[in-house]
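Thanks for coming. I will go through one protein model this morning, starting with its disulfides and ending with the chain as a whole. Please have a look at it first.

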Amino acid sequence: MRTLRPTPVRVALAATAAAAVTATFLVPTSGEAVAAPADPDIPTVCEDRRPDPVDPGSYGMQLDKSFLHPALTPLDEENPHPFPGRGAEYDTKSYSKNMKVEAAYEGADFTPDYFHTWQNIVDFDGRRYLFQYDRSEGRVYDVTDVKKVKVVEKLTREDVGGDESKASRDWAAGDYWGGSTVQWSKRLGAYVMVVSFEDKRQISELSDEPGHDKYGNPEGVAKLRAKKGLKGFKVYRLDGPRKKDWKLLSTVSTDSTQRDPLHSDLGKPQQGSGSLDVPYWTGGKYMFLAVAPNDTYSGNEYPTNLHSAGYQSWDMSDPAHPKLLDTWHLPGQVTGESAAYRKNPRCGNRTSWMGARMPLFVPKPPEQGGRYAFAVQGGLGLTVLDISNPARMKAVGHLDLPPSVAGTEGDNIDVSQYEKTGMVYVSGYPLTEDCYEPYKEIFQVDAKDPAHPRIVGRLPRPKPPKASGITDFCQRRGSFGPKRTGYYTNPGSHQAGVLSYGFYNAGVQFFDVTKPQKPEIEAYFVPKAYGKDTPDYAYGNQTHGVYVEWDRNIAWALTNHGIYALSAPKVLGKPNLGRPAEPFRNSKP
């Protein structure tokens, strides 16, 4: 049996939890808690209440040609779920409204990963570069001339079969390119890139099948616990766009059991999740991360993930010596906080993601006078935090989100409109194909009173054009629903009243939220479902991201077969297809 020693750090974390605001949840109707497995940090507070497969006759196309989603489904990412009216084949046509394809680039050189990528922009010597990457697979493009994009560098681990524990031509053993922020440091007079090192989410040790998940596969859990490698982040100085131009400034562990986070033991397994997704740092003093700092941060029903992440604040005054300021989490996220965990209606469903997936969403950095940040933690809901003193983050408001199981319930918050309207936009995203889960709404949340955020509306559901021959995107095959509105790292100032979402089989959707009481879809581009080099297992993951260059009025659509450069003069303004007027330096609120 694996045991955890009660370190002072754990005691301090428990005290922090007790002081945090308690979210109000419905009490589940499950029976008594089941006995703990061999690993004490697998949540079995509630008995197994995994959803049953859905009767195919209970959902699908309706007489009015709309689609009725199932109300509750088990996690099933691997299998198709055909229904009457679904297309027999994937759609190979493209559609658009108020958008123009300025250029399209297909093939492996423009598809680092079929399912997910991160993006950043840098400018060197009058040239603009776009980074697109996911761990060991990375691309650097010269996008100065949008019509003539060039591949500057291709990073891969194909020569060692993708094994991150092995050194390759491009990577040292255990090294890779995780979610990153790239910002200009006035102190160094150079770009600084902070790279997340986190739990790998697509794994072979566990699956979502009962008996093979973390609840029934102790051997798989033990293998994950035994994996070596950094859990935390690395900080680099960038002197150019290529990997050879990266200069390592610091290697930082977020494992709270390490004596010194800047000199952690990489020869042994580290605890916790590491830094998840793109760190929030705009080049100033403070940085915010999504982190489970040790293995006791375990309150997550998701069957293949061992951690439930909270948040940390760091002092980045000296990028070579980051300093931890504070750690925050909701009650119920840490082993032993059973009473709070049991209150969540998702307790025992072995399906819901519960914990942060991304760092805090910050409308204005505290260095610039910002006070509030927004946290969304899957099935744990939305929390408003006061970060005016980053060394003492505190919750001031909470909102339970309507259950939407399966799929990711709370992943992204767009805060670009908050300073002007007091509104934020909260969404999850689909994990299954053929709409075999509840629809993932984009909720309009009025947070003008941070202590009492409330849902006041939803963005309209995209509808396919008549030319497509279908009446609902569920019929188009693949996943349908919002992903994210890109990232805060975009160059330029975010245009007021405009939100852009990657929408999987509905492509890229631009919403006009100038009038929050009447949001509209202003423009869209829906690409073909796949390209000639796309493997058939990735056909359903069609458009996973959008990244907008607000300073050049260009939107990049990231798909399973390549990238598209899009313009939308009526929405974004006249595009600049050449050299930007000014180099990107720091993200703007």
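A disulfide here is a pair of cysteine sulfur atoms within 2.5 Å. By that rule the count comes to 2 disulfides. Before I show them, a word on the basis: this is a predicted model, where local features need pLDDT of at least 70, side-chain atom pairs count only at pLDDT 80 or more, and totals for chains, interfaces and linings use all residues. Residues are numbered from 1 along each chain as its sequence is written, and side-chain values use heavy atoms, with hydrogens and water left out.

Cys 46 sits in the loop between α1 (8-19) and β1 (60-61), and Cys 347 in the loop between α3 (338-342) and β17 (372-376), so the pair ties together parts that are 301 residues apart in sequence. Helices (H or I, at least four residues) and strands (E, at least two) are DSSP runs, numbered from the N terminus. Both Cys 46 and Cys 347 are buried, and buried means under 20% relative accessible area, with a 1.4 Å probe and protein chains only.

Another disulfide links Cys 435 and Cys 474, S to S 2.1 Å. Here the torsion about the S-S bond is about -95°, so the disulfide is left-handed. Cys 435 lies in the loop between β21 (423-429) and β22 (442-446), while Cys 474 lies in the loop between β23 (454-458) and β24 (498-502), so parts 39 residues apart in sequence are tied together. Cys 435 and Cys 474 are buried too.

Asn 412 belongs to strand β20 (residues 408-414). Is Asn 412 buried or exposed? Asn 412 counts as buried, at 2% relative accessibility. Leaving aside neighbours within four places in sequence, its contacts (heavy atoms within 4.5 Å) include Met 358, Phe 361, Tyr 425 and Arg 484.

Now the whole chain. The protein chain has 4 helices and 29 strands. Its radius of gyration, taken over C-alpha atoms, is 23 Å, close to the 25 Å that the globule rule (2.2 Å times the number of residues to the power 0.38) gives for 589 residues, so the chain is as compact as a globular protein of that length. Of those 589 residues, 62% count as buried. The C-alpha trace spans about 60 × 60 × 50 Å along its principal axes.

Terms used
Buried < 20%, exposed > 50% of the residue type's maximum accessible area, 1.4 Å probe, protein only.
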